[in-house]
Amino acid sequence: MTRLILSRRALIRTGALGGGLLLTGCDKLYEQPRFRSVLESAEDLHRVTQRALGGQALAREFAVSDLSPVFRANGSREGAGEDYKRHLAQGFEDWALRVDGLVARPLDLPLSALKAMPQRAQITRHDCVEGWSAIGQWQGPQLSQVLELAQVSPATKYIVFHCADVLGGAPYYESIDMMDAHHPQTILAWRMNGRPLDEAHGAPLRLRVERQLGYKHAKFVMRIEARDTLAGLYGGKGGYWEDSSGYAWYAGI
Ligand SMILES: Nc1nc2c(c(=O)[nH]1)N[C@H]1C(S)=C(S)[C@@H](COP(=O)(O)O)O[C@H]1N2
Ligand SMILES: [Mo]
């Protein structure tokens, strides 16, 4: 059994699910309801079994010598709106991260406060669904510390990241569950490869959620919201790509 759940791709490749269907990454396949339900059940199985067996397993970490010489920027390369542009021009000096929703203590955390919290640094590989990877170093407070400061309600099931950019007319957003929110490698990174995050990579703050694919790593995070449901939020599927293109909500690697 454990052999079969090494990865979602391996699982599907074995033909254990979906009668030998190959995961091609082609969007057209996603439009076919039968394929879609096969894939979604494979993902659910992957998520449940991976966690039952692995719990809070760590993503692989690398050495400084492994850093990619070039880490490309993907998706939005800039934040939108006058507020964002003003903060960017001021070096995010009076910018603050909003933390609200199902919390006892809503917060506005200045960048200086995020930098003053205990930090975690990690060198990890970023895998984009489009087929490229890069190794980078990330630093920032663990998301769990921020959630603790805000006293997140036990009723919370999802943490939502609201971003400053707009893609194809819709705001970018993402969400994760509490298991990933409390994972030790889930951090709010303000530093990349030893320097403050640049705009293209999501300044001033972006999520690193190391056991999932690139699109889950929200850039330009302005607001973090604790919720007990994803229903009623934009398209209801928990993320920009999930709503617009049917990408999986749980994008485990
Ligand atoms: N706000 C926001 N976050 C985002 C995106 C985006 O377009 N907007 N693109 C996602 C995708 S698909 C990838 S692969 C990574 C790219 O991160 P990078 O630009 O640092 O390489 O950011 C993710 N987070
Ligand atoms: Mo991506």
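1. A residue is called near a molecule or strand if one of its heavy atoms lies within 4 Å of it. With that in mind, 22 residues stand around ligand 1, and among these Arg72, Asn74, Ser76, Asp165 and Lys219 come nearest. This is a predicted model, in which local features need pLDDT of at least 70 and side-chain atom pairs count only at pLDDT 80 or more, while totals for chains, interfaces and linings use all residues. Residues are numbered from 1 along each chain as its sequence is written, chains are lettered from A and ligands numbered from 1 in the order in which they are written, and side-chain values use heavy atoms, with hydrogens and water left out.

2. Asparagine 74 places a backbone N or O atom 2.8 Å from an oxygen atom of the ligand, and histidine 217 has a backbone N or O atom 2.9 Å from a nitrogen atom of ligand 1. With arginine 206 the side chain is involved: one of its N or O atoms is 2.9 Å from an oxygen atom of ligand 1.

3. For the overall picture, the protein has eight helices and 11 strands, where helices (H or I, at least four residues) and strands (E, at least two) are DSSP runs numbered from the N terminus. Of the 253 residues in the protein, 48% are buried; buried means under 20% relative accessible area, exposed means over 50%, and partly exposed lies in between, with a 1.4 Å probe and protein chains only. If a contact is taken as heavy atoms within 4.5 Å, then 68% of the contacts with a separation of 6 or more are between residues 24 or more positions apart.

4. Five strands form an open sheet with mixed pairing, in the order β2-β1-β11-β5-β6, and two strands are said to pair if DSSP finds at least two bridges between them. At the edges are β2 (107–110) and β6 (170–177), each of which pairs on one side only. On average, neighbouring strands of this sheet are turned by 20° against each other, direction ignored; axes are lines fitted to C-alpha atoms, for helices over the stretch in contact, and angles run from 0 to 180 degrees between N-to-C directions. Helix α6 (residues 143–150) packs on the sheet, where it touches β1 (96–101), β2, β5, β6 and β11 (221–227), and its direction makes about 135° with that of β2.

5. Strand β5 (residues 158–167) runs antiparallel to β6 over seven bridges, and isoleucine 159 has isoleucine 176 in β6 as its bridge partner.

6. How many salt bridges does the model hold? A salt bridge is a side-chain nitrogen of Lys or Arg within 4 Å of a carboxyl oxygen of Asp or Glu, and by this rule the count comes to 15. One of them joins arginine 223 and aspartate 100 at 3.0 Å, N to O, and this pair links distant parts of the chain, as arginine 223 is in strand β11 and aspartate 100 in strand β1, 123 residues apart. Arginine 223 also forms a salt bridge with glutamate 225, the closest N and O atoms being 3.6 Å apart. Arginine 223 is partly exposed at 28% relative accessibility, whereas aspartate 100 is buried at 13% and glutamate 225 is buried at 10%. These residues belong to a network of salt bridges that links Arg98, Asp100, Asp108, Arg223, Glu225 and Arg227.

7. Another residue to look at is glutamine 185, in the loop between α7 (178–181) and β7 (187–189). Is glutamine 185 buried or exposed? Glutamine 185 is buried, with a relative accessible area of 0%. Not counting residues up to four places away in sequence, glutamine 185 touches Leu58, Ala59, Glu61, Arg120, Gln122, Arg208 and Glu210.

Note on methods:
Polar contact = N/O pair within 3.5 Å; in protein donor to acceptor, adjacent residues only side chain to side chain.
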